[in-house]
Amino acid sequence: MTMDQLPKMENPLQETNEFLLCLSAGVLEEQLKISKISDEQKSLIRLKYDDTKREIKQASDSWARYSDKDRPEIAAVMLSFGVLLDSGPEKKTQLIGLIDKVITMAERINVLDTALMEMLAEIWPKAEWPQTLPAFSDGDIPSGALWPRYRLKEIFETKHARAMEFLLNSYNTLYKSGIQEATAALKKKKARLDAIVRTLDTCLAFMNALSRILCRV
Amino acid sequence: MKHHASTPVSGLFISLIALTSSCTSTRNYSKFAEAGSAYSAVVASLADKASVLQVDGTSYELLAKRAELMGSGGGSERRNPQNDKGKPEKEGRSKRLGQMLIQANEKDVAAIHRNRLAKAVASDLKEYFDALGALASSDAPAGIGKKAGDIITRLNDDIRRADPVIPVSSSGMISPLVNHMTEAMLRDELQQRKQTIEGALEVFRLLNMQIETDIAGHASENDRGFRQMLITEPFINGGSQAIREPADISSWIQYRQSSLNGNSKAAEADKIIDGSRKSYASFRSALDRMTTGRQELSIEELGHLFDEIVVFSKSVNSL
């Protein structure tokens, strides 16, 4: 991938942010009334609602600055490193020389930047197994001091965990009760239709019985 | 008089047909719900795969760290059994290895827990689409149509018996009317909650992308770890990891075969990610078309969407 191919990312929280504008505390309360989740979970959602709202707003607001300033710089370093990782022993010195900068850049990746997280996911397994890199095919593997092989993996896993927790928290606080309410409404509508069928059955049975009685009379 | 009474009924019937034919049919909603349910289920299995790859990746990492700690190939301890410093060194190493394993286990348990929570999100959405599908494919509207039709027929017979000139209603009206009501109910349901469903799906998509990226990284790690720990290390190192016994030799040959000849988890992961993104894009576009009503989705298109998700599901299971 080149810099030109790096996908321009819109704010990943745009939709959630717009949804938040409509999800007032009152609307959330209405959803919670219908939702089948436990009272304990409901209390937790009420407690987390303001924090989640604030977190999403902050993350959303900081996206523009990150996208314009940080992202291109990080991507450029990661892309150069990606090319060096696939190069032969002639690039060994450059490769070793760049790893500290890559680590610094990786630490600055926004956890919701899926394109750069993907780039990091391509890089860290290669860095973790330097023996498998063409640059070190001569068997001269750099020491841990020169090549902190697990560091990029640690950064990726920490960021991945943070992103997952943030998204799970957003879902559980903002959408869970709404989806459950929608599911309950659909089930209720189906139950209503089934009840009409049963009522009509009763009507038919009643008409049949009435007809038999009238015939006898 | 009879003729006069049937005219508005025919008019109503024609307008009802027109109204019904302009809407997405219950069959379409049912197929759409089926696709949504299948997609949610596949993402749930994707979360399971992520957990498996995570644990395997950590195991390779642990083995590599252990080899580093024990010295190249893990053979140094064997070479100096009588060394005076050997015992405290060995104890220190054992302690560090124990701590390393505990930390790795904790990290993996936390990752598995997060993947389980992601599965719970998938399960919420699956339940929603299942409920939508149950309403769309319910035989209650047909039952209502038939039973109400029977009641009207009976009433008509009784009316005719009492007075043959009194106009009677058409019993065939009920079925299309109830069908239309169900379709309207489904459409309203999707439109009213469009923002919630879209928002939840968007978070679900971001979660799914995180899981995919995690899978891609760990699949590549697994491949590299596999090659290094099971093929290269036993081949180049002496000591405990040497290929000595016939069983070791046989395993090594097998490992090498599977590693070089199509056992690449990274390649499978790439296919899965590609399938996942295509499925999501098709599904999201279907949702837009179902809720805006700007462009009707044919049952064939929905069938194609469902097939696409089934193919994706198969590739997830192959990893």
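Select helices α5(B) and α6(B): their crossing is right-handed, meaning that the near helix is turned clockwise from the far one by less than a right angle. The helix axes of α5 (residues 140-162) and α6 (residues 174-192) of chain B come within 8 Å and cross at roughly 150°. Axes here are lines fitted to C-alpha atoms over the stretch in contact, with angles from 0 to 180 degrees between N-to-C directions. The pair is therefore roughly antiparallel, the term for angles over 145 degrees.

This is a predicted model, in which local features need pLDDT of at least 70, side-chain atom pairs count only at pLDDT 80 or more, and totals for chains, interfaces and linings use all residues. Residues are numbered from 1 along each chain as its sequence is written, and chains are lettered from A and ligands numbered from 1 in the order in which they are written.

Stay on α6(B) and colour its buried residues (20 or more other C-beta atoms within 10 Å of their own, C-beta atoms being placed from the backbone): I174(B), V178(B), T182(B), E183(B), M185(B), L186(B), E189(B) and L190(B). For the length of α6(B), 19 residues at 1.5 Å a residue should span 27 Å, and the end C-alpha atoms are 26 Å apart, which agrees; the expected span is 1.5 Å times one less than the number of residues.

Now show the whole of chain B. It has 10 helices and zero strands, where helices (H or I, at least four residues) and strands (E, at least two) are DSSP runs numbered from the N terminus. Of its 319 residues, 34% count as buried.

Next, select the side of chain B that faces chain A. Here 49 residues of chain B are in contact with 48 residues of chain A; contact requires C-beta atoms, placed from the backbone, within 7 Å. Helices α4 (86-136), α5, α6 and α7 (194-236) of chain B each supply at least two residues to this side. The largest share, 22 residues, comes from α7(B).

Finally, move to chain A and select α3 (residues 39-85) and α5 (residues 114-128), whose axes come within 10 Å and cross at roughly 30°. α3(A) and α5(A) are therefore roughly parallel, as angles under 35 degrees are called. The contact is made by R71(A), I74(A), A75(A), M78(A), F81(A), G82(A) and L85(A) of α3(A) with L116(A), M119(A), E122(A), I123(A) and K126(A) of α5(A).

Note on methods:
Angles under 35 degrees count as roughly parallel, over 145 as roughly antiparallel, 65 to 115 as roughly perpendicular and the rest as oblique. Two residues are in contact if their C-beta atoms, placed from the backbone, lie within 7 Å. A residue is buried if 20 or more other C-beta atoms lie within 10 Å of its own, exposed if 12 or fewer, and partly exposed in between; C-beta atoms are placed from the backbone.
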